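Subject: Model handover

Hello,

Here is the model we talked about. Please load it first, then read my notes below.

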Amino acid sequence: MRRITLSVTALLALVVCTTAQSFNFPSFTGTTPATLNGNAFAGGGGVRLAAAMASTKGSLFHNSQFEVVNGFDTTFSFKINVPLGNSGADGMAFVIHNDPRGTTFLGNHAAALGYSAFATSPAGTGVLNALVVEIDTFAGSFGGYADGSSNQLSIHTNGVNEVSHSEGQSLGRVTPTTNMSNNTVHTLRVLYLPGTLSLFLNGAATPTLSVPYSFAGGGTHDLPNTPVGGLSLNNGMAWLGFTASCGGSFEDHDLLSWSFTSLAPPAWPGNSSDFDCEVKVNGTVDATSDRVIGASALDVIGLRFHSPAGGTDSQLFSAFYQLVVTGAALNSLVVPGETPPGGFWLDTTGMNPGALTGVVPYLDGLGLGGGGFLTPLVIPGGFNYGFVVPPSIGGLGLSLMLQALVVDPGLNSLNLGIDDAIELQIN
Amino acid sequence: MRRFALIGLLLTIGALSAVAQGPTWPGNATDFACEVKINGLIDSTPSRVLTVNALDIVGLRFHSPGGGTDNQLFSAFYQLIYIGVPLVSQVIPGETPPGGFWLDTSGTNPGVLTTVVPYLDGIGFGGPAFLAPVLLPGGSDFSFVVPPIIAGQAISLFLQAVIVEPGLNSLDLGIDDCVELQVI
């Protein structure tokens with residue numbers, strides 16, 4: 001293996017590695033990693049959170065916490081069916097929380113929607129430390145504040161404290177033109193970019209509702225116009241799930257699909273080059289945004305080096321790997337004039353005891369490893385390279401770090417683009 | 001550049017003439033092929049003998065049309081040879097000539113300017129590789145710029161690849177049709 005030295009000014013920086021975060025449930029089966037509580041049950045590819053009977057309630061929470069603090073994008077589909085002769089009630093909620101009850105949480109029924117509590121309930125019955133998106137199908141009044149309609153989206157929080165279904169704890173609400181309890185499948189996308197929480201009903205291009213909010217700083221209860229704090233998360237992570245309930249009036253509340261992607265920043269960011277590497281593990285495109293990916297021996301890894309906007313098409317590039325101990329601290333080499341920590345993370349110093357190999361070029365268009373006669377360049381549409389995870393590195397607590405450089409004229413003083421490094425944590 | 005020998009391949013009588021409506025330098029019956037693009041345009045020349053200029057961008061997409069060699073290790077080689085030089089194919093024992101490996105490993109042909117050089121080497125002919133390339137479903141790529149240094153000298157850049165293909169023959173080896181890039 002050849003060790004190379006990059007002629008880039010070294011600037012040391014340390015970043016914290018976060019965990020890969022995304023999932024997609026096109027339907028719900030017995031193997032879906034989620035916990036059902038109360039009257040919730042699975043069937044027909046969906047989950048009926050609360051059936052159309054008086055006073056039912058149920059919840060579903062994913063069995064793992066997911067990172068939300070840096071942003072997330074989640075979409076779920078649901079169907080609410082009101083039986084003939086019934087007026088329908090009460091609705092369902094998407095719940096993000098870091099309550100100690102975790103996946104087993106379930107609050108009161110009726111207007112409490114399975115996440116909140118009645119006035120007569122003991123303190124702490126409702127979910128603590130939560131952000132809630134209500135799909136509220138019953139116009140009620142609680143705590144001195146009334147719902148806007150019986151077809152309402154409303155975003156509730158009370159910071160780290162117990163949250164209430166009172167509109168006095170809402171950051172904002174909207175009554176969509178679409179009837180959400182008409183026995184038709186609807187989708188709701190919840191997009192959080194730190195500073196703004198937005199809802200998109202049924203694929204709307206513009207937000208159906210958008211409120212200022214951040215997990216760190218909180219937001220404002222709009223009706224009383226009072227500030228409310230953010231949440232206390234577990235290293236930026238929270239429990240995710242749904243609740244629903246019926247009261248004297250009732251309806252079926254069905255959850256049919258759910259996908260979630262954390263918008264975590266890359267753990268090992270490159271610079272701002274129009275150059276990227278898409279990763280497939282056994283044919284499935286990796287959707288993690290932090291580029292920290294689990295892999296096993298003999299997995300087939302597909303890499304597609306490409307230029308998303310075409311700015312580095314047909315430019316020479318080199319791709320490198322290095323074996324490091326998982327969890328080892330790494331420093332980035334930053335191109336002079338660029339902003340740390342984005343840069344080249346593979347250790348070229350030979351001084352890091354966590355780096356087990358040199359920096360090895362496996363595609364070398366730039367000739368940093370000695371070069372070759374046929375030097376690879378970025379193909380418009382992407383350059384595909386595949387390899388099998390060597391069994392010799394399985395089960396040893398190792399990560400295979402992958403990063404690439406491309407000629408990117410005008411980007412910086414070295415005309416050098418650097419993609420986000422990929423860490424394959426080998427099981 | 002490293003010289004290598006394909007162990008077990010049998011040297012056969014040279015096949016000098018092009019096969020009508022087929023590749024001039026055919027491989028074997030493998031489910032493994034190499035699509036060639038020149039400056040982004042897919043080549044459909046049956047002979048696989050193409051004309052290129054210095055600085056042309058050559059895109060290669062190795063793929064398995066029937067999926068039979070997906071996820072298998074493969075190696076791709078090049079060799080510089082004067083245009084028109086007779087070549088002899090190495091045919092896998094039990095297979096029908098002239099289909100085989102056309103790059104010259106003998107070192108005795110005066111028209112051959114370089115050794116056989118692996119530029120992707122999943123099978124390890126050029127020594128063991130840690131991230132050995134496998135054929136991705138949908139195709140694996142390689143691309144390069146035609147080096148100006150070989151322009152105007154009546155030189156061809158020969159490209160051929162081999163892949164692990166269990167059960168195909170006694171060596172479990174697939175060989176794609178050889179591509180000749182005549183550099184003008």
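I start with one pair of residues. A:V281 stands opposite A:T284, which lies in strand 22 of chain A. Strands here are DSSP runs of E with at least two residues, helices are H or I runs of at least four, and both are numbered from the N terminus.

Before going on, the ground rules. This is a predicted model: local features need pLDDT of at least 70, side-chain atom pairs count only at pLDDT 80 or more, and totals for chains, interfaces and linings use all residues. Residues are numbered from 1 along each chain as its sequence is written, while chains are lettered from A and ligands numbered from 1 in the order in which they are written.

**The sheet around that pair**

Strand 21 (residues 276–281) and strand 22 of chain A pair antiparallel, over two bridges. Pairing means that DSSP finds at least two bridges between two strands. Both strands belong to an open sheet of four in chain A, with the order 22-21-24-27 and antiparallel pairing. Its edges are strand 22 (284–285) and strand 27, each of which pairs on one side only.

**Chain A overall**

Chain A has zero helices and 30 strands. It holds 427 residues, and 52% of them count as buried. Buried means 20 or more other C-beta atoms within 10 Å of the residue's own; exposed means 12 or fewer, and partly exposed lies in between, with C-beta atoms placed from the backbone. Of the contacts in chain A with a separation of 6 or more, 73% join residues 24 or more positions apart. A contact needs C-beta atoms, placed from the backbone, within 7 Å.

**Where the chains meet**

Chain A gives 22 residues to the contact and chain B gives 23. On the chain A side, the elements that give two or more residues are strand 24 (300–306), strand 26 (360–364) and strand 27 (383–388). Strand 27 of chain A has the largest share, six residues. By type, the chain A side splits into 15 nonpolar, seven polar and no charged. Nonpolar covers Ala, Val, Leu, Ile, Met, Phe, Trp, Tyr, Cys and Pro; charged covers Asp, Glu, Lys and Arg; the others, Gly among them, are polar.

**Strand 10 of chain B**

Strand 10 (residues 155–164) of chain B is mostly covered, with nine of its ten residues buried.

- Strand 6 (residues 74–82) of chain B joins it through nine bridges. B:L80 stands opposite B:L157 there.
- Strand 12 (residues 179–183) of chain B pairs with it over five bridges. B:F158 stands opposite B:E180.
- Strand 11 (residues 173–175) of chain B joins it through three bridges. B:V162 has B:I175 as its bridge partner.

**Backbone points to check**

Most residues other than glycine have a negative phi, and most peptide bonds are trans. Some places here depart from that.

The A:P340 to A:P341 peptide bond is cis, with omega near 5°. A:P341 sits in the loop between strand 25 (317–325) and strand 26 of chain A. In chain B, the bond from B:P97 to B:P98 is cis too, with omega near 5°.

A:L113 is not a glycine, yet its phi is positive, about 60°. A:L113 counts as buried because it has 35 C-beta neighbours inside 10 Å. A:N225 also has a positive phi, about 55°. A:N225 is exposed, since 7 other C-beta atoms lie within 10 Å.

Best regards

Definitions and conventions
Two residues are in contact if their C-beta atoms, placed from the backbone, lie within 7 Å.
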